[in-house]
Amino acid sequence: MVEGASTPPEPEDAPPSFYVREATLLLSVLALRTARACLLVVSAGYMPEAHGLKRRLSEVHARAQAVGQDTTGEHARQWLRNRGPSTPPKIVGKFGSADLWAVYSWGAHADAQSVQQWLTVPMPDVHEDHMGLAVPPHHDGILSNALLTEVGMECRDMAAAMAVARATTHEEVGLNVAQVKTLDPDLEALIRRYYNRVPEERRPNDLTTES
């Protein structure tokens, strides 16, 4: 949950923490909306079409880490002023998975690999080895659950970032982070149940264009 989605006007001689908190708030709101949209698209049976949203969430997740680790506040300040301190591929490659970022780009663009990989389905009624294209909504339980587990992992980290950003004392940081950690057992169960069960040949960064 994003609480108190507002920040005060930028003061004169603002300290680095001001920019870090404001950037973290904006990124957290963007993460929450992106994650919700991703859930809706996947639940409707359009998992490949959710890849553009998942890609943006990964960028938000990586950007928040860059903002949080820069104690000078300069990364946050430049980002808030739309100066782009680092390109999305570069920031995701540093703080996330460049391989997954590249694979999710298939579904974010008019890329044949996305169709070949996720929209081809067996059609044994036509022929034993025949493969057709799924045009209506179609659920791939393995990949959909793995993708949504990734969404959960990234949202958990964003919640932790907000827990720190909205705190004003060390004691409040501890209390806020402790609340976020209550999510961990459920998330770890999802990782074991869905994410770690994805066979190696089905993991996105190992997929090929063969069908």
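Predicted model: local features only at pLDDT ≥ 70, side-chain atom pairs only at ≥ 80, totals over all residues.
**View 1. Asn82 sits in the loop between α3 (74-80) and α4 (88-95).** Asn82 has a positive phi of about 60 degrees, although the residue is not a glycine. Is Asn82 buried or exposed? With a relative accessible area of 73%, Asn82 is exposed.

**View 2. Asp13 also has a positive phi without being a glycine.** Here the angle is near 55 degrees. To find Asp13, look in the segment before α1, the helix that covers residues 16-43. Asp13 counts as exposed because its relative accessibility is 78%, and the cut-off for that word is over 50%.

**View 3. The protein has nine helices and two strands.** Let us step back for a moment to see where the close-ups belong. Starting at the N terminus, the elements follow the order α-α-α-α-α-α-β-β-α-α-α. The protein contains 211 residues, and buried residues make up 37% of them.

**View 4. Helices α1 and α2 cross at roughly 160 degrees.** When two helices pack, they are described by the angle between their axes and the distance between the axes. For α1 and α2, the axes come within 9 Å. This crossing angle makes α1 roughly antiparallel to α2, since angles over 145 degrees count that way. Which hand does the crossing have? The crossing in which α1 passes α2 is left-handed.

**View 5. Helices α2 and α7 are roughly parallel to each other.** Their axes come within 10 Å and cross at roughly 30 degrees. That angle falls under 35 degrees, so the pair counts as roughly parallel. The crossing of α2 past α7 is left-handed. The next two views look at side chains from these helices.

**View 6. Lys54 and Glu150 form a salt bridge.** How far apart are the closest N and O atoms of this pair? The distance between them is 3.3 Å. Lys54 counts as buried, at 1% relative accessibility. Glu150 counts as buried too, at 6% relative accessibility.

**View 7. Lys54 also meets Glu154 in a salt bridge.** For this bridge the N to O distance is 3.2 Å. Glu154 counts as buried because its relative accessibility is 11%, which is under the 20% cut-off.

**View 8. Glu74 and Arg77 pair up within helix α3.** The two residues are three residues apart, about one turn of the helix. They form a salt bridge whose closest N and O atoms are 2.8 Å apart. Glu74 is partly exposed, with a relative accessible area of 28%. Arg77 is partly exposed as well, at 29%. Elsewhere, salt bridges that share partners join Lys54, Glu150 and Glu154 into one network. How many salt bridges are there in the count? The count comes to five.

**View 9. Val115, Leu133 and Val135 make a nonpolar surface patch.** The patch has an area of about 290 Å². Where does Val135 lie? Val135 belongs to the loop between β2 (131-133) and α7. Val135 is exposed, with a relative accessible area of 70%.

How values were computed. Residues numbered from 1 in each chain as written. Heavy atoms only, no water. Helix = DSSP H or I, 4+ residues; strand = E, 2+ residues; numbered from the N terminus. Buried < 20%, exposed > 50% of the residue type's maximum accessible area, 1.4 Å probe, protein only. Salt bridge = Lys/Arg side-chain N within 4 Å of Asp/Glu carboxyl O. Patch = residues over 30% accessible without salt bridge, like charges linked within 9 Å, V, L, I, M, F, W, Y side chains within 5 Å. Areas by Shrake-Rupley, 256 points an atom, 1.4 Å probe, with all protein chains shown as cover. Axes fitted to C-alpha atoms, helices over the stretch in contact; angles between N-to-C directions. Parallel < 35°, antiparallel > 145°, perpendicular 65-115°, else oblique. Left-handed = near helix turned anticlockwise from the far one by under 90°.
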